[in-house]
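Welcome, and thanks for taking a look at this one with us. Please keep the sequence and the 3D view side by side as you read.

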Amino acid sequence: MELKPAEQRLARQFGEHVRARRKSLGYTQDDLASMIGTNRRFISELERGKGTSYLGPALAAAEALGINISILFEGRRITPSSSLPKA
């Protein structure tokens, strides 16, 4: 799955946070995979910021490690996309 540059950046940042937190807690990739019912390959790809459509397991990994994903968005101004329909 090809990600846009902004998506790639966010995926990398998210993966870096997951890896750092996992290591700080002393978990292996296998440990985390077991905790969320997935496999080590998924964790490896998640930590490297590879594009994935598996948002549920990614968020489960963050939750299992006590990561508040809002930290990725702190200080960022969100502007509406011109490609989205108006409400």
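At 2% relative accessibility, E47 falls into the buried class, because buried means under 20% relative accessible area, exposed over 50% and partly exposed in between (1.4 Å probe, protein chains only). This glutamate, E47, lies in helix 3, which covers residues 40-47. Helices here are DSSP runs of H or I with at least four residues, strands are runs of E with at least two, and both are numbered from the N terminus.

Before going further, a word on the source: this is a predicted model, in which local features need pLDDT of at least 70 and side-chain atom pairs count only at pLDDT 80 or more, while totals for chains, interfaces and linings use all residues. Residues are numbered from 1 along each chain as its sequence is written, and side-chain values use heavy atoms, with hydrogens and water left out.

**Around E47**

Which side chain makes a polar contact with the side chain of E47? The partner is R22, at 2.5 Å. A polar contact is a pair of N or O atoms within 3.5 Å; within protein, one must be able to donate a hydrogen and the other to accept it, and residues adjacent in sequence count only if both atoms are side-chain atoms. Apart from neighbours within four places in sequence, E47 touches G15, E16, V18, R19, R22 and Q29, where contact means heavy atoms within 4.5 Å.

**How the helices pack**

The protein chain has four helices and zero strands, giving the pattern α-α-α-α along the sequence. Two packing pairs involve helix 2 (residues 29-36), as tabulated here.

| Pair | Angle | Axis separation |
|---|---|---|
| Helix 2 and helix 3 | about 110° | 8 Å |
| Helix 2 and helix 4 | about 110° | 9 Å |

Axes are lines fitted to C-alpha atoms, for helices over the stretch in contact, and angles run from 0 to 180 degrees between N-to-C directions. Helix 2 is therefore roughly perpendicular to helix 3, and helix 2 and helix 4 are likewise roughly perpendicular to each other. That class spans 65 to 115 degrees; under 35 counts as roughly parallel, over 145 as roughly antiparallel, and the rest as oblique.

A11 sits in helix 1 (residues 5-24) and counts as buried, at 19% relative accessibility. A11 and K50 are 39 residues apart in sequence, yet 6.9 Å apart in space, C-alpha to C-alpha. R21, also in helix 1, is partly exposed at 33%. Beyond neighbours within four places in sequence, R21 contacts L65, G66 and I67.

**Confidence**

The chain's mean pLDDT is 78, and 74% of its residues reach 70 or more; pLDDT is the predictor's confidence in each residue, from 0 to 100. Over residues 80-87 the pLDDT is below 50, and beyond near neighbours in sequence this stretch has zero contacts in the model.
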